[in-house]
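Take a look at the structure below. We will go through a pocket and then a helix.

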Amino acid sequence: MGLPLTAPPPGEDTPRRLSTARGTGDRLFRGALRGSGLAVLAIMAAVGLFLLLRALQALRTAGFSFLTTERWEPDTHDFGIAAVLTGTLLIAAVAVVVSVPLALGSALYISEIAPERLRRTLIALVDLMAAVPSVVYGLWGLFFLQGEVIGLSRWLSTWFGWIPFLHVDGAHQDDPLASASVYTASTFVAGIVVGLMVAPIQCSVMREVFSRAPVGEREGAYALGSTRAGMIRSVVLPYGAAGIIGGTMLGLGRALGETIAVYLIISPVFTIQPHILQTGANSVSSLIALHYGDSSGFGVSALMAAGLALFLLTLVVNFTASSIVARSRSGAQSEA
C-alpha cells in the first residue's frame, strides 16, 4: 500500500519544475545563426550559378577541349585552361612547400616555447603580416626577392637539374657570366611570394589548435619523464593534426586564387611549363586580370569559364580539408 501524498511543510524548499521550452532570446539567437549559415550557402551558390550562366557560351563552343587546350585565343575559338591550370597548381604547390614548415615552426614556438610577453608580440606581428595587401608582397617580390633568389635557382638547377621539374632550358651551368634572365619571372619566385603571404594565416590556425591541447596530457607526458620536445611530439602534434591540415588547406585555397602578386611577378606563357625554376608561368587568376579589360563578349565568357574552373577547384580543396579535419581528434572535438 503506497504512502499518501502530502504537501510539503510550510517554508520547506520544493524542487523547481524544469521546462525544455526555448525562450524568445534562444529562438532569436538560433534563428540568427541558422540564417547566417544559410546566407553563406546561398551566396556561394549564387556565385557559382552566376559563373556558370556567364560561361555557358564558351563551354558549349569549346566542349571538353577547354580542359586540354593550352592556347588562349577565344576570338578564334581556340582556347583552354590546360596551361594556366597547371601553372596555378604548380605555384600553389611551391607556396605550400615554402609556407607549411615556416607556419608550423612559428606556431609551435609561439604556443609552446616563447615567453608570455614575447608571445603576445609575436601573435600581433603574425596577425599584422596577414593584413598586408597582396600588392605589397608582389612589389617586394618583383623588385627585391627576385634578384636575391636567382642564386638559389641557379644552384638548384646546377646540382639538381637531373630532376625534371628543376631543369632549366637554356641555362649554362659552367658559365658564371651567363645571363640570369632564364631564372626570373618563374613559378619558383611567384610560389615563394605566395607562400610568404599565406604563412601567417596557416600559422594562426595551427597556433590556435596547438594551444588547446589538453593540459592533463601535457602534464602526464612530463610526469613520465618526457622533455619539452618529446611532449610536443607525443601530445601537441597528434592533437593538432586538424589544425595542421586545416591551416594548410586554407593557405592552399588562398594560394590558388592569388592574383595581384602573381600577376606582377610572372611572365605569362600559354604552354604547360613544368620547369618551376625557368622563366615563364601562368595562373587562372592572373589570366583573368590580364585579359578582362580587352576581351570581347565571347572572350569574357571564356574568362568566366576559367573562373568557374578555379571556383570548383577551390571548393574541392576546402571540402576535402573539412572531411579530413572532421575525422581527426581535435577536429571531432571542435565540432562537438
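Which helix gives the most to the lining of the largest pocket? α2 does, with 5 residues. Helices (H or I, at least four residues) and strands (E, at least two) are DSSP runs, numbered from the N terminus.

This is a predicted model, where local features need pLDDT of at least 70, side-chain atom pairs count only at pLDDT 80 or more, and totals for chains, interfaces and linings use all residues. Residues are numbered from 1 along each chain as its sequence is written, and side-chain values use heavy atoms, with hydrogens and water left out.

The largest pocket has a volume of about 210 Å³. L102, S106, V126, M129 and C203 are the closest to its centre, out of 13 lining residues. A pocket here is an open set of points on a 1 Å grid over the protein atoms alone, where a 1.4 Å probe fits, with protein on both sides within 12 Å along at least five of seven lines; lining residues have an atom within 4 Å of a point. The volume is the space filled by probe spheres set on the points, which are joined across faces, edges and corners. At least two lining residues come from each of α2 (82-113), α3 (116-130) and α5 (187-210).

Now turn to α1. Its 39 residues (24-62) should span 57 Å, at 1.5 Å a residue, and the end C-alpha atoms lie 55 Å apart, which agrees. The expected span is 1.5 Å times one less than the number of residues. G48, L51, A55, A58 and A62 of α1 are buried, meaning under 20% relative accessible area with a 1.4 Å probe, protein chains only. Just after α1, G63 takes a positive phi of about 65°.

Note on methods:
Buried means under 20% relative accessible area, exposed over 50%, partly exposed in between (1.4 Å probe, protein chains only).
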